[in-house]
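Here is a friendly walk through one structure, taken a helix pair at a time. Have a look at it first, and then we'll go through it together.

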Amino acid sequence: MSSREIFRTFIPLGILILYISVFISGCVGTQWTAADWLEKGNQYANEGMYKSAVDAYNQSLQLDSKNSKVFTYRGVALEHMGSYDAAMNDFEQALIINPNESGAWQGKAATYIDTNEYRQAVKAADRAIELAKLPADKAENAYLLRGFALNRLEDYDTALQAFDKAIEIDPKRLDLWQNKAYSLTKLGRFVEVLKCYEVMTGIEPNNAEIWSKKGEIHLALGQINEANEAFSIAKNLIKSN
């Protein structure tokens, strides 16, 4: 899993508030506000249309250049596009406007991960965690980014602590358990890895890949019958799809 996949969850789904009064031929459309363009940008970002998202955020900033969230979200879109310098510039601008913008620090952490600067990523994630006071700040993402960077630094025990913190906040989020399982696997703690996969198959019982990996862990533990059962479930799920 890449940091881009992790950080994509930061963009809020929201409810589109595009105040267009009429859509019949020949009529005059209403003028969009900065908030309208922000919501449109978020819609594009959640659909993976990052160039269109950036264009929408640009429109929003033309109307309101003091919204730290817009700079943060545009930075996230730019990070997904691989424009790391531009993304960092946006995160820095967001922090100039609002020094307590946790999301901007999360964006910096994700960008540092993409550029293999893992120690800097940990520091940025720590600052994001410190500033995350509200549910909308998504502290679980900051903990996940911290753990992801620590895994890359091969500090698996400390990474586990970060993943556990994230799971406390959102225990039904599959990617948190996947990353925890990775750390445990690197530490050779396969009984605990199996427990992670038992949780994951409960979260997504129709996920063939998860069942297959669960079978592999059973094999590593010498549990042949359990492994065959997990592989059989995975095979049947693949056939049904």
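A crossing of two helices counts as left-handed if the near helix is turned anticlockwise from the far one by less than a right angle, and as right-handed if clockwise. Helices here are DSSP runs of H or I with at least four residues, numbered from the N terminus. Keep in mind that this is a predicted model, where local features need pLDDT of at least 70 and side-chain atom pairs count only at pLDDT 80 or more, while totals for chains, interfaces and linings use all residues. Residues are numbered from 1 along each chain as its sequence is written, and side-chain values use heavy atoms, leaving out hydrogens and water.

Let's start with helix 2 (residues 34-46), which passes helix 3 in a left-handed crossing. Helix 2 and helix 3 (residues 50-63) have axes 8 Å apart and pack at an angle of about 165°. Those axes are lines fitted to C-alpha atoms over the stretch in contact, with angles running from 0 to 180 degrees between N-to-C directions. Angles under 35 degrees count as roughly parallel, over 145 as roughly antiparallel, 65 to 115 as roughly perpendicular and the rest as oblique, so helix 2 and helix 3 are roughly antiparallel. Where they touch (heavy atoms within 4.5 Å), helix 2 brings residues including W37, L38 and Y44, and helix 3 brings Y50, Y57 and L63 among others. Sorted by class, the residues of this contact are 10 nonpolar, five polar and one charged. Nonpolar covers Ala, Val, Leu, Ile, Met, Phe, Trp, Tyr, Cys and Pro, charged covers Asp, Glu, Lys and Arg, and the others, Gly among them, are polar.

Now for helix 9 (residues 156-169) and helix 10, which pack at about 160° with axes 9 Å apart. Their crossing is left-handed. The contact includes F163 and I167 of helix 9 and W177 and Y182 of helix 10.

What is a pocket here? On a 1 Å grid over the protein atoms alone, where a 1.4 Å probe fits, it is an open set of points with protein on both sides within 12 Å along at least five of seven lines, and lining residues have an atom within 4 Å of a point. The lining holds 17 residues, with Q178, N179, Y182, Y197 and K213 nearest the centre.

How values were computed
Helix = DSSP H or I, 4+ residues; strand = E, 2+ residues; numbered from the N terminus.
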